[in-house]
Amino acid sequence: MSSRRSSSRASKLADDEIKELVLKLKPLLPQLDHRRNASVSASSILEETCSYIRRLNKEVDDLSQRLSQLLDSADITDVDEQLIRRLFQH
């Protein structure tokens, strides 16, 4: 019986931690941040988080491609190009 209770407490603790983490995500999402006091489901927050991360990854890829194009068309030395690329990788 005690293993059921400890398992139940651990589950409750995990649920509380998950809720807390989901609530911490909400203000990080531009689409949801304007609704600070509005009730939004945890699943909506998680779905929006996934979408937002995908959009950010695409934006990074697009910007990286644009930077490569600019570097290719710029009149810079190989050393300068390597330095610029290292700076942007950090």
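The side chains of Lys24 and Glu20 meet in a salt bridge, with 3.5 Å from N to O, where a salt bridge is a side-chain nitrogen of Lys or Arg within 4 Å of a carboxyl oxygen of Asp or Glu. Both residues lie in helix 1 (residues 2-25), 4 residues apart, or about one turn of the helix. Lys24 is partly exposed at a relative accessible area of 49%, and Glu20 is also partly exposed, at 46%; buried means under 20% relative accessible area, exposed over 50%, and partly exposed in between (1.4 Å probe, protein chains only).

This is a predicted model, in which local features need pLDDT of at least 70 and side-chain atom pairs count only at pLDDT 80 or more, while totals for chains, interfaces and linings use all residues. Residues are numbered from 1 along each chain as its sequence is written, and side-chain values use heavy atoms, with hydrogens and water left out.

## Overall build

The protein has 4 helices and 0 strands, these being DSSP runs numbered from the N terminus (H or I, at least four residues, for helices; E, at least two, for strands). Of its 90 residues, 11% count as buried. Among contacts with a separation of 6 or more, 11% are between residues 24 or more positions apart, a contact meaning heavy atoms within 4.5 Å.

## Helix 3 and its salt bridges

In the whole structure, 3 salt bridges are found. Lys58 forms one of them with Asp62, the closest N and O atoms being 3.0 Å apart, and both residues lie in helix 3 (residues 42-73), 4 residues apart. Glu48 pairs with Arg55 in another salt bridge, with 2.8 Å between the closest N and O atoms; Glu48 is buried at a relative accessible area of 18%, whereas Arg55 is partly exposed at 37%.

An unreviewed UniProt entry lists residues 46-73 as "coiled-coil region", and such annotations may be inferred rather than shown by experiment. That span is 100% helix and 0% strand, with its end C-alpha atoms 41 Å apart.

## The nonpolar core

The largest nonpolar core consists of 5 residues, Val22, Leu29, Leu32, Val40 and Ile45; such a core is a set of buried Ala, Val, Leu, Ile, Met, Phe, Trp, Tyr and Cys residues joined through side-chain atoms within 4.5 Å. Leaving aside residues up to four places away in sequence, Leu32 touches Lys26, Val40, Ile45 and Glu48.
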